[in-house]
Amino acid sequence: MIEIDRVTKVFGSGNAAFRALDTVSVTIRQNEFFTLLGPSGCGKTTLLRVMAGFVDPTEGAVTLEGQDLLRLAPYERPVNTVFQSYALFPHMTVAENIGFGLEMQGKPKSEVRRTVSDMLELVRMSELADRRTSEISGGQQQRVALARALAPRPRVLLLDEPLSALDFKLRKDMQLELKRLQSETGITFVFVTHDQEEALTMSDRIAVMNGGAIRQIGSPRDIYDHPAERFVADFIGDTNFLEAELLRVAGEEAEIRLASGAEVAARAAAGGAQAGPVTVAVRPEHADLAPEGEGLLPGRLDDVVYFGTDTHFHIALDAGGRFVVRRQNQPERTETRAPGDRVAVRFGAGVGQVLRD
Amino acid sequence: MAETASVPPAPPRDLAAARRREERRTRALLLAPAMAILIFAASGPLLIVLAYSFLTPGDYGGVVWEFSLKAWFNVFAERDFFTGEIELADAHLSIFWRSIKLSLMTTALCLLIGFPTAYFIATRRRETRDFWMLLIIIPFWTNLLIRTFAIMELIRNEGTVNSFLIWAGLIDSPIQMMFTEFALLVGMAYVYLPLMILPVYASLERFDFRLVEAGYDLYAGRWQVLRRIILPISKPGVVAGSILVFVPCLGAYVTPRVLGGGKQMMLGNFIELQFGQGRNWPLGAALALALLVIVMVALMVYVRAVGREEGGQHG
């Protein structure tokens, strides 16, 4: 269990000071695939480097199972990193790279050899053990970097956008591979990415970061279905934002009145929501079209865009603003609506998410 | 189409042959200037030196065209003046030995100072690196003799260092540094240091310092990171720098002359002596060639040693 307690990192000083991390607190559980997700410059990599020991936080504490990590040098921490650039040692073979950490730990030669061959097998690289790292492909380098970081059996594996240099197909394969490795080794993975899809498919929990702070922590489903604030809803997936009035709120259950006057049950993040004007987020695939006169929000169909797997309906709402409805395509269903038609948008009770700000 | 294909293949083959001849001629013409320089500027003088080393010295310098092995004999041996017995030329060998020893020590000293310096510069911000490199290169723009005299000014008995030490009360009488091997070592290390720093810097500048982080991450301490990651990867620069320092050191002339006086003679001075006051051109020529052989053997041994070490890492 890693506990990050009110960690702040300020780079530079005076006017040039930059708060890369602003009182970040998070607890990462044992054996968890934990993802730090956010746009570039949000502080996710800085937080990872604080854990690895390459950045000293200005304030705050970091502990690993009660042990103060900040008092340990990078080479003393039971934590290994898979670097974005892989940072493989070019003067060593694949096997030597993988064995390096164990060798530095002073493990006996026989154990090093055994672990290296286990690791090679784990990442399916056994035939390439004696190659130079410059003689293997990007995907293979990626696996060597993984094996090298896993070989010393760290308690935590830090992964700094390790898939960003790979092409699409390879990235998909490696996502599954990483997930497999994590469950096979039982090591806690802390994964940094700016790719929301990657985060959603791989993680047990995600921390969405922006501006040096964690905006929301939750399971992929939680984060996607119940974004707590506008940034999260906007950053992950596509979202419709609706101006509405919060009438009543009890726990997570809220009652809102939309701009059209229709009232519907929605969800609000526990605590924080107050009656008054609010923004409500609705995912395009959580809403549907209704004939005019039914539904919650009347409007005019502007555009119908066919995407293969689904179709997007762009609607100009009568109350102002636009709304996108996404509907999965079915072979037996033919779309008869055309741009210009009068339609309405409907979504079920509890689908709208009241945002914090 | 069929007709074109049935055209006899002979003429094209002739054409191809002609084109090849033409290409060969062009290549020869293009190579000619370089070859001319190599033959007249490098091999030519060397052949003259080789020829001279097998001739008889003239009474007032120069050579007499009379074949003799005496010069080569004298490089390594001498006939005792009184007894006529043949024995090793101790004086010559001690000069050889001093030259090799001092060159090795200078190379080591340059590496010891030059590597951290190059590392320091390579790890500065890109904009400030040029400034540091300028500081390293500026001495190059100054005459070698002047730089050597500057060192002399520092280490002579009434020089800056001794004056300071006496003023500070650390010593009572000046330490004799001039005309010692120490003086030569300091002088040559100072003169040749940039030749070490530049190639080492060139290889460190290309060094990916993220590898250092990777090393730390994998439980390697500072020393291990230096020994296992930085040094092996920057080895080409270290090898080049060592050669660039070692070779001119062996033949150094000005520095030993100024800082060593007649006492600490090195090969360069000794060779010069043969062509000047010694009036023994053949011996000078033989010594010069012996120096060349030493350099070549040293380089071969060095390169092979470095290569083997590298091979061992994969074994």
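Helices here are DSSP runs of H or I with at least four residues, strands are runs of E with at least two, and both are numbered from the N terminus.

A word on the source. This is a predicted model, in which local features need pLDDT of at least 70 and side-chain atom pairs count only at pLDDT 80 or more, while totals for chains, interfaces and linings use all residues. Residues are numbered from 1 along each chain as its sequence is written, and chains are lettered from A and ligands numbered from 1 in the order in which they are written.

Back to helix 2 of chain A, residues 94-104. Ten of its eleven residues are buried, so the helix is largely enclosed by the rest of the structure. Buried means that 20 or more other C-beta atoms, placed from the backbone, lie within 10 Å of the residue's own. Among the buried residues are A:Glu96, A:Phe100 and A:Glu103. They pack against strand 6 (79-82), helix 3 (109-122) and helix 4 (138-150) of chain A.

Now chain A overall. Its secondary structure comes to eight helices and 20 strands. Of its 357 residues, 41% count as buried.

Last, the two chains together. In chain B, 15 residues are in contact with 18 residues of chain A, contact being C-beta atoms, placed from the backbone, within 7 Å. On the side of chain B that touches chain A, helix 9 (210-217) and helix 10 (222-233) of chain B each give two or more residues. Helix 9 of chain B has the largest share, six residues.

Methods. Buried ≥ 20, exposed ≤ 12 C-beta atoms within 10 Å, placed from the backbone. Contact = placed C-beta atoms within 7 Å.
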